Amino acid sequence: MSYFKYQSKNIFYQVIGEGEPLLFLHGDTASSKMFEMILPLYQDCFQCILIDFLGNGQSDRVKEFPIQLWEDQDLQTIALLEHLSYDRVHLLGTSGGAYVALHVVMKKPELIGKVIADSFDGRTLREGFADDLLAERNFSIKDADAKLFYEWCQGEDWLSVVEANTRSLVSLAQSQEPLFHDSFESIKNPLLLIGSLNDEMLGQNLKDEFDDILKDVMHGSSYLFKDGQHPTVLSRAEEVAQIVKDFI
């Protein structure tokens, strides 16, 4: 197992296969384990890089996540790329990881090739995000399948990880702070937005949200499925993998 130091803590990562480097960024309450089943769809074309963000998976734990969690995770991502001495890596971020990918390309575009942002709300969190998240998490920690997923990704302390993540995201939504401190006009790298119009964890105006981002991006496109659960990188795995390969 491989680790690198970030603010005196150990962050877990893996590098699998050969080819153009593609870094997978996991969503909230998950870890890089969420990608294990779909890696065979990518390994024929890419060197797959996985990371467990601090406080998740096999990385060191933290007492609390910061309110601007995704911005902190973008610094962890940049630290990994610098640790590995990569200078052009493609990013595939899903759910919360999509926000991380966008932060990274805004901050360090010279390190990044192309960016795929999957299954996220858009420029802002939708109205009612905090209430919806609390309801979803209160249900999921009692649901047998969700509990198995959490434990698979996080280990025995999964509940404390989920609760800390929930507090962070609810605080972010209630603070009404902007999600991005840089402009989308600054993104010159090719950007692909992916999502499902039937994703119950996202807002109902996903197409409008994506269009709002793309109007400010120099090289941007989107692909929206009519059906697919959250996140589409898993629920529509084969189709998304082919879209990613064609895009890159």
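Analyst: Let us begin with a term: contact means heavy atoms within 4.5 Å. Please also note that this is a predicted model.

User: Which residues of α1 meet α2?

Analyst: On the α1 side they are Trp70, Glu71, Gln73, Asp74, Leu75, Thr77 and Ile78. Their partners in α2 are Gly96, Tyr99, Val100, His103, Val104 and Lys107. By class, this contact of α1 with α2 consists of six nonpolar, four polar and three charged residues.

User: And at what angle do the two helices cross?

Analyst: The axes of α1 (residues 69–84) and α2 (residues 96–107) cross at roughly 60° and come within 8 Å. Angles from 65 to 115 degrees would count as roughly perpendicular and those under 35 as roughly parallel, so α1 is oblique to α2.

User: Is that crossing left-handed or right-handed?

Analyst: The crossing of α1 and α2 is right-handed.

User: Let us change topic to α4. Which of its residues are buried?

Analyst: In α4, which spans residues 144–154, Ala146, Tyr150, Cys153 and Gln154 are buried. They lie on the same side of α4, because they cover an arc of only 80° around the axis.

User: Why would residues spaced along a helix point the same way?

Analyst: An α-helix has 3.6 residues a turn, so residues three or four places apart point the same way.

User: What do the buried residues of α4 pack against, and what is on the other side?

Analyst: The buried residues pack against α3 (129–140) and α5 (158–175). On the other side of α4, Ala144, Asp145 and Leu148 are exposed.

User: Now the backbone. Where is Gln7, and what is its phi?

Analyst: Gln7 is in the loop between β1 (2–6) and β2 (9–16). Its phi is near 50°, which is positive although Gln7 is not a glycine. Ser8 is found in the loop between β1 and β2 as well, and the phi of Ser8 is near 70°, again a positive value in a residue other than glycine.

User: Why point those out?

Analyst: Most residues other than glycine have a negative phi.

User: Are Gln7 and Ser8 buried or exposed?

Analyst: Exposed means over 50% relative accessible area. Gln7 therefore counts as exposed at 59%, and so does Ser8 at 61%.

User: One last topic: which peptide bond is cis?

Analyst: The bond from His230 to Pro231 is cis, with omega near -10°. Pro231 is placed in the loop between β8 (220–225) and α7 (232–235). For context, most peptide bonds are trans.

Definitions and conventions:
Residues numbered from 1 in each chain as written. Predicted model: local features only at pLDDT ≥ 70, side-chain atom pairs only at ≥ 80, totals over all residues. Heavy atoms only, no water. Axes fitted to C-alpha atoms, helices over the stretch in contact; angles between N-to-C directions. Helix = DSSP H or I, 4+ residues; strand = E, 2+ residues; numbered from the N terminus. Parallel < 35°, antiparallel > 145°, perpendicular 65-115°, else oblique. Left-handed = near helix turned anticlockwise from the far one by under 90°. Nonpolar A, V, L, I, M, F, W, Y, C, P; charged D, E, K, R; others polar. Buried < 20%, exposed > 50% of the residue type's maximum accessible area, 1.4 Å probe, protein only. Arc of directions from axis to C-beta.
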